[in-house]
Amino acid sequence: MAKHITYKPLWKKLIDQKMTRTQMAERVGISRNTLAKMGKDEHVSLDIIERICDRMDLKVSDVIDME
């Protein structure tokens, strides 16, 4: 069975930081559409992942995982 990307590590980090997904999107500068795609574990560009890591001071492994 093929593995797929999940953003569970990011959602857990947001809970730890007491930050909502919307607050994170505003801080990072991503659209509601991109946020919705991430909420459904759909692919987003690597540029988006990089921006999240940069602006939230996270590593890629803090943002995505493979299941």
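Predicted model: local features only at pLDDT ≥ 70, side-chain atom pairs only at ≥ 80, totals over all residues.
Entry 1, conventions. I number residues from 1 along each chain as its sequence is written. Local features need pLDDT of at least 70, side-chain atom pairs count only at pLDDT 80 or more, totals for chains, interfaces and linings use all residues, and side-chain values use heavy atoms, with hydrogens and water left out.

I located helix α4 at residues 46–56; helices are DSSP runs (H or I, at least four residues), numbered from the N terminus. I found Ile48, Ile49, Ile52, Cys53 and Met56 buried in α4, where buried means under 20% relative accessible area and exposed over 50% (1.4 Å probe, protein chains only). Seen down the helix axis, these buried residues fall within an arc of 135 degrees (taken from the directions from the axis to the C-beta atoms), so they line one face of α4. The face turned away from the buried side carries the exposed residues Leu46, Asp47, Glu50 and Asp54.

I noted that the buried residues of α4 pack against α1 (8–16), α2, α3 (32–39) and α5 (60–63). The axes of α2 (residues 21–28) and α4 come within 9 Å and cross at roughly 95 degrees; axes are lines fitted to C-alpha atoms over the stretch in contact, and angles run from 0 to 180 degrees between N-to-C directions. The two helices are therefore roughly perpendicular (65 to 115 degrees). In the contact (heavy atoms within 4.5 Å), Met24, Arg27 and Val28 of α2 meet Arg51, Ile52, Arg55 and Met56 of α4.

Just after the helix, I read a positive phi of about 55 degrees at Asp57.

Conventions:
Parallel < 35°, antiparallel > 145°, perpendicular 65-115°, else oblique.
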